[in-house]
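Hello,

Here is the structure I promised to pass on to you. Have a look at it first, and then read my notes below.

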Amino acid sequence: MAKKNQKIENESDLMDKVISLAKRRGFIFPGSEIYGGLQNSWDYGPLGVELKNNIKKLWWKMFVQERADMVGIDAALIMNPKVWEASGHLGNFSDPLVECEECHERFRCDDPYSPEATRETGAHWLKHHPKIAVGSFKIEEHFTKPKQFNLMLKTFLGPAEEKANEVYFRPETAQAIFVDFKQILETSRQRIPFGVAQIGKAFRNEITPGNFIFRTREFEQMEIEYFIKPEDWKKQFEHWLGEMKRWIKAVGIDESRVKENEIGEEDRAFYSKRTIDFEFEYPFGQKELYGLAYRGDYDLGQHQKFSGENLEYKDPISNEKFLPHVIEPSLGVDRTVLAVLLSCYSESDARSGKEDAVHEKEVTLRLPKAIAPIKVAILPLSKKEELTKPAEEILRTLNKNWMCQYDETQSIGKRYRRQDEIGTPYCVTVDFDSLKDNAVTVRDRDTMAQERIEIKELENYLTKKLK
Ligand code: GAP
């Protein structure tokens, strides 16, 4: 029997353990590392790209493939700058920052007198300018007043770096859905209510990126704009609230660590009648994971005004013309990866038996099967050709269906542990009995139960198990 999973008592330990596992096993490592890295940029390695792709595939399957009322797009990262004028990003997409007058380091700071802000600026002062006594530290004397800093990431199209060629990397995927609304409507024959989904990169010149992949300047989003009749907004909002909860469960995020934060009127965008932030209890605090917002017809209205194009929808039955309203479920891919890793990481005392029962903890990544980077590991018990040959043949059959790993080095216990650590749901062991009974042992990651399965039945067996 598997020993009961032990909760990691110390939350900052959990963060360190997840970051270390991610680096050690090739999920996520620092970007440009041989050149000393680049502030808070992270690269997804061989296992990370599988995990991330599987998360995106699952989302697309649940919200595009399995729904007749949804279609997808994949728009350009760089759009006409007028888009950002219309959306309000050029005017308003900014965070307040304060700057240390001594060394010019900048901090994001909504309220300079809040305990959170004073803690950060105070800690900075102590570390970098310790000559001033702590007691006399006053934020208003040592830091500038908060000023607004625009988060749009600028570049130039074409060889001349001049104003006319200035463009921006998109700060969200959402706007392209509004900008393409007319063409989507004309080509997809969708009728309201219907939605458009997009997965892709977004860029923000964040003042304080950090906490691993939680806040970076380049990240991925999965966003939906669901177009509705204005009078249906309450019903549709509830529907998407339910869908987001369904997603959180399906992707393996620990629901007990997720809190819904109903955003009050004073903090909502002026055009939104209701916004809920889904927050996750990260080891560094309870912070945003996803957002769900009712945005009215603000975006289509703005693009209609700025582009001069009529973006109204004509109801095919009543012939009524109106600007659709939208419900927007907005999800970060990287925050999903982080919340999933934190939720699925587990440790236990040596599960794999006597031979490897060293005094260290064994790690199991209890990922949902659908998102596990490697679905099946094929492990010949010995490196002798009589076992490696049939094992390689099994690999060639199974890797037509699933990402598989073949591993013939070290003891079988160590190999099971290597697979548990990366969340592989099934290990297939080829042993000397296999030569006689044409069967293999299949081990389940979570229960550690082992079943003897005929090789000719293996593909069917795993198809059922991995469904
Ligand atoms: N279209 C609405 C929108 O973009 P947002 O709350 O600014 O809303 C949506 O972003 C989601 O994108 C967030 O809930 C988060 O998951 C993710 N996200 C935003 N900024 C991010 C950053 N700098 N790094 C990583 N993920 C980020």
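**Around the ligand**

A nitrogen atom of the ligand sits 2.6 Å from an N or O atom in the side chain of glutamate 223, which is a polar contact (a pair of N or O atoms within 3.5 Å; within protein, one must be able to donate a hydrogen and the other to accept it, and residues adjacent in sequence count only if both atoms are side-chain atoms). An oxygen atom of the ligand is 2.6 Å from a polar backbone atom of leucine 289, and an oxygen atom of the ligand is 3.0 Å from a polar backbone atom of glycine 332. The protein covers 89% of the 550 Å² of accessible area that the ligand has on its own (Shrake-Rupley method, 1.4 Å probe).

Before you go further, please note that this is a predicted model, where local features need pLDDT of at least 70, side-chain atom pairs count only at pLDDT 80 or more, and totals for chains, interfaces and linings use all residues. Residues are numbered from 1 along each chain as its sequence is written, and side-chain values use heavy atoms, with hydrogens and water left out.

**Cysteines**

How many disulfides does a search of the whole structure find? The search finds zero, a disulfide being a pair of cysteine sulfur atoms within 2.5 Å. For cysteine 100, the nearest cysteine sulfur is that of cysteine 103, 3.7 Å away. Cysteine 100 is buried, at 0% relative accessible area (buried means under 20%, with a 1.4 Å probe and protein chains only). The sulfur of cysteine 344 is too far for a bond, because the closest cysteine sulfur, in cysteine 427, is 17 Å away.

Happy exploring!

Key
Buried means under 20% relative accessible area, exposed over 50%, partly exposed in between (1.4 Å probe, protein chains only).
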